Amino acid sequence: RELYERRVQGNVTLRIFIDAAGRVHPESTMIVEPSGYPALDSSAVAGVPLLDFTPATLRGQAIPVTILFPVFFRHPEAAALPGDTILKKRGVGNGE
């Protein structure tokens, strides 16, 4: 909540394991690239059990996979971060 009030933004990259049934195994989650804010990093990890995937397939067979999963924390009233491509509605958050 404190970071939100300060309009802090950041990106976290997680490595997650998804089994052949499409279930995420939260215990295998690792932070590959932290945001620089431990609270954002822990929030990204805490959200992993809520993810739901369609299983990956190879030649028609479901297979387990490990993927890099980016998590973007953005505040609706903050400026875009470098590299962001955000289309803003006229008059919303851009000073017009």
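This is a predicted model: local features need pLDDT of at least 70, side-chain atom pairs count only at pLDDT 80 or more; totals for chains, interfaces and linings use all residues.
Figure 1. The chain has 96 residues, and 23% of them count as buried.

**Figure 2. Order of the secondary structure elements.** Two helices and five strands make up the secondary structure of the chain. Read from the N terminus, the order is α-β-β-α-β-β-β.

**Figure 3. The aromatic pair Phe 53 and Phe 69.** The count of aromatic pairs comes to one. The ring centres of Phe 53 and Phe 69 lie 6.1 Å apart, and the ring planes stand at 85°. The pair is edge-to-face because that angle is over 60 degrees. Phe 53 sits in the loop between helix 2 (38-47) and strand 3 (56-58). Phe 69 belongs to strand 5. Phe 53 has a relative accessible area of 23% and is partly exposed. Phe 69, at 22%, is also partly exposed.

**Figure 4. Ala 80 and Gln 9.** Ala 80 lies in the segment that follows strand 5 (65-73). Its relative accessibility is 40%, so Ala 80 counts as partly exposed. Along the chain, Ala 80 and Gln 9 are 71 residues apart. Their C-alpha atoms are separated by 9.0 Å.

How values were computed
Residues are numbered from 1 along each chain as its sequence is written. Side-chain values use heavy atoms; hydrogens and water are left out. Helices (H or I, at least four residues) and strands (E, at least two) are DSSP runs, numbered from the N terminus. Buried means under 20% relative accessible area, exposed over 50%, partly exposed in between (1.4 Å probe, protein chains only). Rings of Phe, Tyr and Trp (its six-membered ring) pair if their centres lie within 6.5 Å; planes under 30 degrees apart count as stacked, over 60 as edge-to-face and the rest as tilted.
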